[in-house]
Amino acid sequence: MSKQFKSVQETLEKYIPAEELSEVKRILYGYNRGQHVKSIPICQEALDLANKNNFEIVASKVEAEPEQLRKPRIVRLGIIQNSIGAETTAPVQDQYLAIEAKIEKMIDAAGAMGVNVLCLQETWHMPFAFCTRERYPWVEFAESATTGQSIKFIQRMARKYNMVIISPMLERDEVHAGTIHNTAVVVGNNGNIIGKSRKNHIPRTGDFNESTYYMESTLGHPVFETIYGKIGINICYGRHHNLNWLAYGLNGAEIVFNPSATVGELSEPMWGVEARNAAMTNNYFVGSINRVGTEYFPNEFTSGNGKPAHKDFGHFYGSSYFSSPDNCCTPSLSRVSDGLNISEVDLNLCQQVKDKWNFQMTGRYELYAKFLEDYIKPNYQPNIIRDPSMK
């Protein structure tokens with residue numbers, strides 16, 4: 001049943017009377033400024049691509065207040081969620097090419113819609129094989145972050161549409177003995193490689209066997225200044241760590257993408273909350289991307305969590321969406337289909353929210369820096385004041 005349930009927003013619109021729906025959306029989604037979040041038309045070329053290739057398109061815009069001295073900084077953002085394109089038993093190259101074929105059509109649609117910055121899902125070019133403990137054939141998807149076939153494909157598409165594209169991929173580090181990393185490569189609008197970011201936090205729960213494949217990043221929290229704005233990439237599990245989000249904000253990010261792969265049983269109740277909270281407390285836009293579908297593997301696996309051996313990780317529930325600095329969120333893609341979500345934003349909203357809430361002025365960063373410095377010391381003692389009446 002849950003796999004076929006499309007979205008919370010669609011259900012609300014179906015069953016809640018129109019006169020109450022606006023209040024519900026105000027409370028649930030932060031639509032508290034009248035026309036703050038609006039739908040934008042989808043061009044015929046993009047619609048035709050979506051209908052022919054069986055993917056969904058959602059498009060909206062998030063407005064900021066007009067200013068006297070600054071012109072609006074309008075940027076169109078895009079995020080793509082996709083299922084795999086071939087069975088996991090197919091040859092590695094066939095699996096990759098099947099995914100690339102569907103992604104190309106979706107990027108074509110983004111190009112037709114004038115998207116400036118696009119981000120794909122975590123390791124978009126392969127199945128989420130990190131739930132298994134097998135090394136082969138899955139590590140064969142790993143490739144160079146500069147010369148790999150998926151990067152060359154993304155470079156071609158970036159040049160074609162004058163688009164900055166973030167390509168999360170499984171990286172084979174050519175410099176450091178061929179080690180593997182969960183990496184996001186930032187490709188500039190000219191097809192140039194601006195840089196890369198790596199996953200900072202590796203899950204250790206249930207069927208996440210990611211530490212079998214790669215290690216935590218040592219690159220820190222880089223923010224990439226592009227022609228369209230300053231971009232950070234907080235990969236997947238990093239969204240559960242508040243300090244991770246904070247670091248991108250302190251480094252000046254205006255847009256942070258969270259390319260992910262997560263299943264309903266594990267995280268779905270948190271999905272609509274964490275990114276919105278990060279966007280609000282750090283005053284930037286967030287694009288949250290989750291893959292979609294159920295992927296079945298040839299061999300059973302288990303992670304010693306008491307569950308029987310199984311061949312699938314669970315249903316990836318999609319639901320990719322954008323959050324804005326003032327805690328609004330856009331309509332999400334569905335839980336069950338491939339999709340492209342587009343949001344036209346005014347980056348001036350980042351500073352406007354900073355000026356309104358003054359989180360940076362009241363943050364007491366030096367206080368917490370001192371606390372963390374003390375906390376990591378071996379002899380740290382928690383500051384707990386005990387009720388003297390307790391026995």
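The C-alpha centres of domain 1 and domain 2 lie 25 Å apart. Domain 1 covers 1-32, and domain 2 covers 36-375. Those bounds come from an automatic or database domain assignment. At their contact, 11 residues come from domain 1 and 15 residues from domain 2. Contact here means heavy atoms within 4.5 Å.

A word on the source. This is a predicted model, where local features need pLDDT of at least 70 and side-chain atom pairs count only at pLDDT 80 or more, while totals for chains, interfaces and linings use all residues. Residues are numbered from 1 along each chain as its sequence is written, and side-chain values use heavy atoms, with hydrogens and water left out.

Now the helix pair. Two packed helices are described by the angle between their axes and the distance between the axes. Helix 1 is residues 8-15, and helix 2 is residues 18-29. Helices here are DSSP runs (H or I, at least four residues), numbered from the N terminus. The angle is about 155 degrees, and the axes are 10 Å apart. That makes helix 1 roughly antiparallel to helix 2 (an angle over 145 degrees). Axes are lines fitted to C-alpha atoms over the stretch in contact, and angles run from 0 to 180 degrees between N-to-C directions.

Who meets whom? From helix 1, Val8, Gln9, Leu12 and Glu13. From helix 2, Leu21, Val24, Lys25, Leu28 and Tyr29. By class, that contact has 6 nonpolar, 1 polar and 2 charged residues.

Last, Lys356. Lys356 sits in helix 8, residues 348-357. Is Lys356 buried or exposed? Lys356 counts as exposed, because its relative accessibility is 64% (exposed is over 50%, buried under 20%, with a 1.4 Å probe, protein chains only). Lys356 and Tyr31 are 325 residues apart in sequence, and 17 Å apart in space, C-alpha to C-alpha.

Terms used: Helix = DSSP H or I, 4+ residues; strand = E, 2+ residues; numbered from the N terminus. Parallel < 35°, antiparallel > 145°, perpendicular 65-115°, else oblique. Nonpolar A, V, L, I, M, F, W, Y, C, P; charged D, E, K, R; others polar.
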